[in-house]
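This report goes through one protein model, part by part. Please look at the structure below and keep it in view while reading.

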Amino acid sequence: MTSGATVFGLCAAVAVGLGLYGLITNPQPLRKIIAFNVLGSGVFLLFGVVGRRGAAAGIGNDPVPQALVITGVVVAFAATALAIALLLRLFQKTGTTTLCSDVRPSACSDPSGD
Amino acid sequence: MLPAAAAPALDAMTSTGGFLLVLSIVVPVTGVLLAFILGDQYERLVACAIVPFGLAIAAAIVVALPQGNGPVVYVLGAWPPPLGIALRADGLSAVMLAATAVVICAVAAFAAADFSITETRVSFTFWILLLAIWGALNTIFLGGDLFTLYVALELLTFAAVPLVCLDGRGETLRAAIRYLLFALLGSVLYLLGTTLLYGLYGTLDIVLLGRRIDTQPAAVVAAALMTTGLLAKTALVPLHLWLPPAHAGAPAAASAILSGLVVKGSFFIIVRLWFNVMPGLPGFIATQLLAGLGGVAIVLGSVVALRQERLKLLIAYSTLAQIGYLFLMFPLAFGASGRLESSGALAGGLLQAISHATAKAAMFLAAGSIYATLGQDRILGLGGVGRILPISVLAFALSGLALMGLPPGGAYLAKELLLQAAAEKEQWWWAVVLQAGGVFTGAYVVLVLAHALTAAKEPITPDSSAPRIRELATLALALCSLMLGLVPWEAYLSIPNGVPSDKFGIGALFKMLLPLLGGTGVAILLAPSKLPSWRRSGWNELMPVISSVRRGSLASSAIVEAGDKFLRQWPIACISVLTLAALFGVSMLGAH
Amino acid sequence: MSIATVFEVVLATVVLGFGFWTTAVRKTYSAAVGFVAYGLLVALIWVRLDAVDVALTEAAISGGLGGVLLLGAAARLRDSETTAAEAPGNLTRACAAVLSVLIAAALAGAVWLLPEHAPTLAPRIVANAWATSLANPVTNVLMAFRAMDTMLEKVVLLLAIIGVWSLAPDTAWGGRPGPCHRADPNGVLAFLARLLPPVGIVVGIYVFWTGADHPGGAFQGGAILASMWLLAIMAGLADTPATSRRWLRCILIAGPGLFLAVGLGGLWFGSAFLAYPAAYAKPLILGIEVAMILTIAATLGLLLAGAPERSVK
């Protein structure tokens, strides 16, 4: 087992922890999105460590995890873009970005006109 | 090449009819691309052309399946797993494919008369995302690789979120953001588990993993994380913060899809994970824990549903309760061998999922017609609607009866199978929860119908009349749910003791009365909006007794509602996610 | 401890330091800046893990474009900082911290317990590389062995675009995304926007072209092209195209469309869906990748530009 895998494996685990903590405790939605990105990068790094351990046949990192991470990074970017677009629209519409969970029936159930 | 790949197993070779699996994914995706490029007026046309085609493919898969031996398989790119990806259709996939196709078909018929041509933005988004959800769900039902399932899950989320905020109001945008962020947390946890599984076994193929998996601690960590992530996406209580506002705020056709189909995607992956990938890993306690959450969901969802003032929120909370019902099968499928077995309980759980998909979609469509006609959907203001929209109210009633477990509905059959399994496994407590679930369902259906069938206080001037085709599509879906018990499920699901045959006898009648009468009682006791008829009934001498009991039960239901509000705070819901992951991890570790 | 290990420990510490700062810092804008630095350093870790393809992707998409996206949003939302302050209480924070540490510890433990002889698919990929005659194993996985994932992921990108567009006000539907940029035509930005794109386009195409045999490919090249496009837009040299334009929509579906068409060709004429006949594998894959790089560049650019805000009329 290469030493890099151990160090970066730990690093990935800590990044996941950091991301989770930020996602839970940060009240700002944009900060939640950033925390989600930290969390995601931790998961991808973990995949990288798994691939690094699987180095064989002259390839330094198993190509399958690499390919999966590339796909995952692009999906995570798209998710970030969608979340930010939603957030900007919410700000434009209401002037705040609070996600206050208080869903009063009168405020929330008013279904859209079809 | 490694020797293992020299003689590929049966499930790693394309079988006859396998191309149908490819088509069932490719056809909706092609529809997405075509509708996107043709755009602004043609998206509805494209979707309406794709729908019958997709329905035919689903039917062809259902027909092709029992003739062969074992699952229908297609190896993509002719690269067998673990290098490549396989699509597989077993009985579970086939029935889910068919149910999805039917619901999509009905919703498309409803929506074709719904979104007018002038609303280009709404129409463009809705039709494309409808096809995208279909493609994503089919990929989930057929995908044989855990990472393909991840991509399909993301596809599903990306298609579902914009539907929540189609009307663009601040409240729905807020619901959409919370849905997206929470769903992303769920998929990251799922991906985390996938990473560990690849590191442990060098493959993500479901069949290969099922053969290689053992009970080492790292696999347990993976299982706990993946299960919890998927539960967050399925909105099992206490991970339900996003569901009520998201499902209640979307337009009716979108709500029907979100509530009927989208939550079943992640549910199906949990079933795959627990039954196909690692049947031996969870152990007794984890299955009890999962069903315990289901039981809590039934009580919380139903009680809060009864306290809602608006019809769409009531239906959304009823979805929470019904999601809970889906998880009751896990302990009942837990065999003496210490593994989850595909037994009658699994068949019951899947049947429940299918009957909920059809019935709940019909309920949301009916609510949509009611809202469009009345211009509001307050439950207290439903009086007289039975006269204006008899077909929609009938559809609501039929789908409600189907959900309660009226024979010959799918839910009736599901309940029978689960009760059978509970008796076999001697886990009587789940039988109690199963019966209670039916009674609670009865309560909110009775509540709505009691108001809808009274006369209007003042004459109603309808905003617009619902087009007949919309009402008929709703009714067809509700009837479909009520007739599900007549389908020969034995060909697709493993039902060892046979289907209960007594669908129309005295016993069935009695089983039907329990949820109806019990439900009426519960509705009288727990609904703050009083039932219209009992006020003027001749029970005057009983009134003081009922009133005092009612006060007590209303107070306790207010506590449940406060608990629901507490759990739906963002930090609390996230902490629940992590706590559940830890609990699942500990209980699975303890099992070995 | 060897020098290499020391370097790794230092790198990991610095990365986590930035991660910690990003989580803890008070201002959202600072957090976004911190994340950009974090993302670029994570790319270094990927180089260290001998995954240069991923390093390029991470640097270009996560650190680069993702950073621009976050910084732009942070700037636009600066006024909202004061309104959304429902910070959780200390008990909640403590619970969150304990659980996050627990999960991180469980993960670290799981990584520690991974088998000594790690399972790998690398030998099989090398053994089957003949089928595509491409030397970059990652491209082989993305385009041949796991082509289904790559195709579906293109559809995910398309759905993200549809989701972002669906947020347009009804009046701006079909219009141009984002605000109108007017920069000083003699300013630094305009100067850079004239200077960089020719170079950037060459680099982007090179990264894409070399991806057949060396690290690189459509994702990384597409991200570079997208950033050049954005630079020109921000400098006011170009405007975002109206989203109702037919040519734009053609570009946006070119990647998944061609992928699907070739896949169906394999189903109809060849051995399987998404199977390439060995003789034509390389030109077919390169053809799909050309369509994909256009799609990716346009998609990434439009995702950054946001929802349509200005009506075409």
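Chain C has two domains, with domain 1 covering 1-78 and domain 2 covering 128-313. The model is a predicted one. Taken over C-alpha atoms, the centres of domain 1 and domain 2 of chain C are 24 Å apart. Between these domains, 10 residues of domain 1 of chain C are in contact with 13 residues of domain 2 of chain C. On the domain 1 side of this contact in chain C, there are seven nonpolar residues, two polar and one charged.

Chain C as a whole holds 11 helices and two strands. Read from the N terminus, its elements follow the order α-α-α-α-α-α-α-β-α-α-α-α-β. The C-alpha trace of chain C spans about 65 × 60 × 35 Å along its principal axes. Of the 313 residues in chain C, 55% are buried. How many of the contacts in chain C between residues at least 6 apart in sequence join residues at least 24 apart? The share is 74%.

### Chain A between two partners

With chain C, 69 residues of chain A are in contact with 82 residues of chain C. On this side of chain A, the elements that give two or more residues are H1, H2 and H3 of chain A. H3(A) gives the most to the side that touches chain C, with 22 residues. By class, the side of chain A that touches chain C has 44 nonpolar, 20 polar and five charged residues.

With chain B, 38 residues of chain A are in contact with 48 residues of chain B. Two or more residues each come from helix H1 (3-25), helix H2 (29-53), helix H3 (63-94) and helix H4 (105-108) of chain A. Here too H3(A) gives the most, with 14 residues. The side of chain A that touches chain B divides into 25 nonpolar, eight polar and five charged residues.

Two packed helices are described by the angle between their axes and the distance between the axes.

| Helix pair | Angle | Distance between axes |
|---|---|---|
| H19(B) (428-452) and H21(B) (506-526) | about 65° | 7 Å |
| H12(B) (283-306) and H19(B) | about 20° | 10 Å |

H19(B) passes H21(B) in a right-handed crossing. The contact includes Gly438(B), Gly442(B) and Val446(B) of H19(B), and Gly518(B), Gly519(B) and Ala523(B) of H21(B). By class, the residues of the contact of H19(B) with H21(B) are 12 nonpolar, seven polar and no charged.

Why do H12(B) and H19(B) count as roughly parallel to each other? Their angle is about 20°, and angles under 35 degrees count as roughly parallel, so H12(B) and H19(B) are roughly parallel. The crossing of H12(B) and H19(B) is left-handed. Among the residues that meet are Ala291(B), Gly295(B) and Ile298(B) in H12(B), and Trp430(B), Gly437(B) and Tyr444(B) in H19(B). The contact of H12(B) with H19(B) contains 11 nonpolar residues, three polar and no charged.

Note on methods
Residues numbered from 1 in each chain as written. Chains lettered and ligands numbered in written order. Predicted model: local features only at pLDDT ≥ 70, side-chain atom pairs only at ≥ 80, totals over all residues. Axes fitted to C-alpha atoms, helices over the stretch in contact; angles between N-to-C directions. Helix = DSSP H or I, 4+ residues; strand = E, 2+ residues; numbered from the N terminus. Left-handed = near helix turned anticlockwise from the far one by under 90°. Contact = placed C-beta atoms within 7 Å. Nonpolar A, V, L, I, M, F, W, Y, C, P; charged D, E, K, R; others polar. Domains from an automatic or database assignment. Buried ≥ 20, exposed ≤ 12 C-beta atoms within 10 Å, placed from the backbone. Parallel < 35°, antiparallel > 145°, perpendicular 65-115°, else oblique.
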